[in-house]
Amino acid sequence: MITRSFFLSVTIIAWVIIAPKKSFAQQSNRPNIIFIFSDDHATAAVSAYGDERKLINTPNIDRLAKEGMTFNRCLVTNAICGPSRATVLTGKYSHLNGFYNNETTPFDGSQQTFPKLLQKAGYQTALIGKWHLISDPTGFDHWEILVNQGQYYNPPMIKDGKKVQYNGYVTDVLTDLSIDWLKNRDTTKPFLLMCHQKAPHMPWEPNLKYLKFDNDRKYPEPPTLFDDYGNNRGLAWRDQYMSIAKTFNDDHMKLNPPVDLYEEQLKEWNKYYGPRNAAFRAAKLTSKDSIRWRYQRYMHDYLASLVSVDESVGKILDYLKAEGLDKNTIVVYSSDQGFFLGEHGWFDKRWILEESLRTPFIVRWPGVVKPSSKNDKIVSLLDVSETFVDVAGLPKATDMQGSSLVPLLKGESPTNWRNSFYYHYYEYPRWHRVRPHYGVITDRYKLVHFYKPDLDQWELYDLKANPKETINYINVPSYAKTIAKLKAELSRLEKQLKVPPISEEHRSDYGSAPFDDPALMPLNSQKKKGEH
Ligand code: CA
């Protein structure tokens with residue numbers, strides 16, 4: 001008699017023999033990816049990176065560093081918000097993805113991006129937070145973005161094409177939305193979540209509950225706060241419009257309250273800033289003392305806005321752990337570029353100089369990345385796309401211009417890893433009159449060409465001899481051979497990366513617009529005009 005169990009066994013054997021192999025997209029062991037991307041976060045303001053000023057403690061970002069790998073030299077391709085985001089998505093430089101400057105030409109969302117590749121391969125994809133690429137996001141099953149640059153308090157957002165209004169502080173709102181999305185996701189698929197914070201971007205408006213976070217600490221000043229731009233440095237250094245001395249206005253200084261606060265919130269804001277502003281006005285500071293006061297106010301606001309970013313990282317990590325997702329989820333913390341925190345007397349970014357060129361990049365990948373590891377290789381946001389394509393087990397996208405970081409994350413040291421890097425900044429004159437420039441970067445040197453509109457000036461910095469980058473060595477005879485080698489390397493990179501010849505079309509989106517010192521415009525007016 002043929003038993004029921006016999007039938008069952010036959011059925012199972014037959015199923016094993018004839019069932020098709022699970023397609024790649026159905027494999028369940030592919031890691032999830034959470035990419036936490038803040039805006040304008042300088043490495044000097046991540047305690048895991050260490051900094052002589054010890055500006056802030058970021059225990060949650062540091063937790064990622066303790067459990068993962070910290071990249072010490074992650075460079076950006078073009079140090080402003082939109083272009084950096086376009087590079088992350090496409091794995092391409094601005095000259096190939098077409099997004100050179102903020103707010104001029106919309107990002108071409110029909111081009112290939114890594115979220116599209118992951119989505120096609122069965123990943124569930126979401127983007128929540130700052131987008132800033134003018135066109136609507138593509139390649140995401142769900143997206144909810146801040147309007148333009150976004151606002152810190154009570155932000156309106158666009159959810160899958162429709163406007164939604166939120167109450168509260170932007171970092172908290174974005175964190176809650178990210179965790180809600182994780183809770184409601186399709187658990188049968190691996191996921192990619194890009195959580196893009198607005199903070200600590202200008203105007204550095206803190207979470208009201210953290211206004212007193214530093215107990216009125218006096219922050220150490222950077223040695224270059226009163227930089228005189230000497231040592232053979234050119235016009236670009238002197239003619240910028242991004243200094244705490246010249247460019248900081250009443251809104252930057254929080255002498256005016258933000259326009260987005262509700263009545264109760266405004267009371268709280270005034271309770272903190274009111275007496276401090278009154279004391280500042282009464283002191284009638286002049287010259288250097290006024291700059292020092294502004295620097296202190298700037299540090300308070302910038303760092304206070306980071307407290308919530310760090311807290312957000314902690315909330316996301318706690319959620320992953322509570323849900324048992326931590327083991328199979330890669331978490332990356334990064335920012336779209338660095339930021340000047342008073343170095344050279346500046347705020348803002350844009351320059352090929354270390355403070356803006358370098359960005360935090362920390363990766364936790366349990367079981368693959370050795371905890372507390374550090375990497376000094378030159379890596380870039382250009383590598384993000386290929387890294388995630390590799391992590392998802394997909395074939396290399398041959399049109400991308402970076403390299404997968406997976407071998408580095410595994411602790412390998414590939415002999416053919418890049419030892420030079422190409423950089424190009426275009427936006428001029430808005431917002432800060434920083435001269436367009438391009439250059440080549442190695443572990444020790446930077447050779448830079450400032451070229452527009454009235455410049456044709458080369459500069460050489462030597463990070464070993466002068467880590468603060470305050471000396472231009474271009475005319476020093478002992479550097480002649482080095483300069484020749486760097487020029488040859490620059491040409492090689494331009495060829496390899498398909499850099500087109502300099503063209504007004506690419507480099508001057510504001511070409512005929514009158515320059516009206518927009519950096520002096522009150523931030524509240526900038527908001528009305530769409531901000532930058
Ligand atoms: Ca930015």
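**Metal site.** I began with the calcium ion, which is coordinated by Asp39 (OD), Asp40 (OD), Cys81 (SG), Asp336 (OD), Asp336 (OD) and Gln337 (OE1), at 2.2 to 2.6 Å. Donors here are N, O and S atoms within 2.8 Å of the metal (3.2 Å for Na, K and Ca), and with water not among the atoms, sites may look incomplete. Along the sequence I read the spacing of the donor residues as D-D-x40-C-x254-D-Q. Cys81 in helix 3 (residues 81-90) and Asp336 in the loop between strand 9 (329-335) and helix 10 (354-357) are 255 residues apart, so this pair links distant parts of the chain. Helices (H or I, at least four residues) and strands (E, at least two) are DSSP runs, numbered from the N terminus.

I then checked burial: Cys81 is buried at 1% relative accessibility, and Asp336 is buried at 0%. Buried means under 20% relative accessible area (1.4 Å probe, protein chains only).

**Source notes.** The model is predicted, local features need pLDDT of at least 70, side-chain atom pairs count only at pLDDT 80 or more, and totals for chains, interfaces and linings use all residues. Residues are numbered from 1 along each chain as its sequence is written, and side-chain values use heavy atoms, leaving out hydrogens and water.

**Helix pair.** I found helix 6 (residues 170-184) packing with helix 9 (residues 287-322) at about 15 degrees, axes 9 Å apart; the axes are lines fitted to C-alpha atoms over the stretch in contact, and angles run from 0 to 180 degrees between N-to-C directions. Helix 6 is therefore roughly parallel to helix 9 (angles under 35 degrees).

Notes
Buried < 20%, exposed > 50% of the residue type's maximum accessible area, 1.4 Å probe, protein only. Parallel < 35°, antiparallel > 145°, perpendicular 65-115°, else oblique.
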